[in-house]
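Student: Before we discuss any labels, could you put the model on the screen?
Tutor: Here it is; ask what stands behind each term as we go.
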Amino acid sequence: MINEIFFFKVQQCKLAIDTAKNIVAYGSVIPLDGPIHGIPLGPKNLRVSIDLAIKEDALLPIPSCEAVNIKQAIESHVAWPRHLVVINDEVLLCDFLMNM
């Protein structure tokens with residue numbers, strides 16, 4: 001039996017709410033598809049891990065049965081709208097425009 005080990009590159013990011021300038025947390029983009037807590041990810045969203053909260057009480061843009069605010073979602077995977085994920089101080093504009 002062969003055990004397969006999968007490696008994927010995570011990208012550090014900033015997570016925003018409402019506008020790309022309203023940063024509420026630091027996190028990582030997790031390049032995996034599939035449901036999160038049983039809910040489909042959706043084509044306009046990314047799977048992210050919240051690593052550090054800036055505004056702990058800020059509500060998640062896509063709440064789950066596990067978490068409704070930033071503090072509850074630290075160190076877990078959540079869905080986040082692509083246009084509110086900031087990488088290297090640039091919004092993922094290309095993805096956003098392609099999915100409009």
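Student: Which residue is the bridge partner of K14 in β5?
Tutor: The bridge partner of K14 in β5 is V86. This is a predicted model, in which local features need pLDDT of at least 70, side-chain atom pairs count only at pLDDT 80 or more, and totals for chains, interfaces and linings use all residues. Residues are numbered from 1 along each chain as its sequence is written, and side-chain values use heavy atoms, with hydrogens and water left out.

Student: What makes β1 and β5 a pair?
Tutor: Two strands pair if DSSP finds at least two bridges between them, and β1 and strand β5 (residues 85–87) have two bridges, in the antiparallel sense; therefore they count as paired. Strand β1 (residues 11–16) is also joined to β2 by six bridges, again antiparallel, with A16 opposite I23 in β2.

Student: Why is S28 called buried?
Tutor: Buried means under 20% relative accessible area, exposed over 50%, and partly exposed in between, with a 1.4 Å probe and protein chains only. S28, which lies in strand β2 (residues 23–29), has 7% relative accessibility, so S28 is buried.

Student: How do you know that the side chains of S28 and D51 make a polar contact?
Tutor: A polar contact is a pair of N or O atoms within 3.5 Å; within protein, one must be able to donate a hydrogen and the other to accept it, and residues adjacent in sequence count only if both atoms are side-chain atoms. The side chains of S28 and D51 make such a contact at 2.8 Å.

How values were computed. Helix = DSSP H or I, 4+ residues; strand = E, 2+ residues; numbered from the N terminus.
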